[in-house]
Amino acid sequence: MDQIAFSNEIAIIGMSGRFPGASSIHEFWRNLQNGIESISFFTDQELAASGINPAVYQQQHYVKAGAVLDGVEMFDAAFFGISPRDAALMDPQQRLFLECAWEALEQAGYDPERYDERIGVYAGASMDTYLLSNVASNRELMEREGLFQIGLGNERDYLATRVSYKLNLRGPSISVSSACSTSLVAVHMAVQSLLNSECDMALAGGVSARVPHKVGYLYQEGGIVSPDGHCRAFDEQAQGTLRGNGVGVVLLKRLADALQDGDTIYAVIKGSAINNDGSAKVGYTAPSAQGQAQVIAEAQAVAGVEPEMVTYVEAHGTGTALGDPIEIAALTRAFRAGTKKKNFCAVGSVKTNVGHLDAAAGVTGLIKTVLSLVHQQMPPS
């Protein structure tokens, strides 16, 4: 086997996740295949049960929709040696990510207690709304448990190291936080860690789970959210997106090692790149076509891939009048540098199915794309 040929390529050998309408990646793929939009629309009774003030949800511009996870409150604490008391204090995002990290290893056939090499963890979570809604609001609980104990279960800084501690993983353990790009930055950092031989396998991904769970949102004209609870990315009727909840984890390994060890290889990461727009854009929350074009071109160069070799792009695609055209302009600029051909590459966005999963958005799109390769099918967007 030519080790040099695979020296910069990373294999995806395991995947796990929880997504709106899907408790596993298998259910997730079935929903994608069937073009299912996993958005829930809530009754006034459900919103009231979530503690939403009627004066809020009865407003004209309150959209009673969201992308929720089934069983977000469930957790097998005993399996991970966590006491019921500590589990009750812990952010559901930390509980969900821990479960999915274990599942990714299990799916790949690895018991971390019997694996002698180093396994890294690169992970990120969204804002801890559980702390705000369920813990900090209970003064008696705060005084009884103390800030230190509560912080251990809720600080995002402890997300990755909790996984490493509970699963006995001895590679780098890094919590990543870069807003919507968190989980893809985590994947990129995991790839670099593997290429630098800092670890021999790496778990990478992100999680986003808001509490209370069944809540809608107030629509504001010109904002990022949709007025009707639907996300229509790259569509002439696009009016915005909506927040969703989910978690995704991929298990990565150097391709040469994966081939040698006989691992199941779902897909190969041939290259990745990250950058930042700086101030060269219309606003802080807006993307830059130039910055995106540069990072796309860099990723293609690192991967050794010509534009005409690409047949599908899983885009950010929030369905906003500002963001989507900029993203298409960036892709066009990057691809035009290498080809004049048109209509050879499809574009899609998983946000049309499950909404914007914030810190878990990128890895969800990655898992969707890997499943498309595995099944050799491009699901509808």
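**Cysteines, then a strand**

Modeller: By the distance rule (a pair of cysteine sulfur atoms within 2.5 Å), the count of disulfides comes to zero. This is a predicted model, where local features need pLDDT of at least 70 and side-chain atom pairs count only at pLDDT 80 or more, while totals for chains, interfaces and linings use all residues. Residues are numbered from 1 along each chain as its sequence is written, and side-chain values use heavy atoms, with hydrogens and water left out.

Biologist: Which cysteine sulfur is nearest to that of Cys100?

Modeller: In general, a disulfide is a covalent bond between the sulfur atoms of two cysteines. For Cys100 the nearest cysteine sulfur belongs to Cys199, 20 Å away, and Cys100 is in no disulfide. Cys345 is in no disulfide either, with the sulfur of Cys231 the nearest at 19 Å.

Biologist: Now strand β7: which residues point which way?

Modeller: In a regular strand, side chains alternate between the two faces of the sheet. Strands are DSSP runs (E, at least two residues), numbered from the N terminus. From β7, Met201, Leu203, Gly205 and Val207 point one way, and Ala202, Ala204, Gly206 and Ser208 the other. Eight of the eight residues of β7 (201-208) are buried, so the strand is largely enclosed by the rest of the structure.

Biologist: Which strand runs parallel to β7?

Modeller: Strands pair if DSSP finds at least two bridges between them. β5 (residues 119-125) runs parallel to β7, joined by seven bridges, with Ala123 opposite Gly205. β9 (residues 246-254) pairs with β7 in the antiparallel sense over eight bridges, and there Met201 stands opposite Lys253.

Methods: Buried < 20%, exposed > 50% of the residue type's maximum accessible area, 1.4 Å probe, protein only. Helix = DSSP H or I, 4+ residues; strand = E, 2+ residues; numbered from the N terminus.
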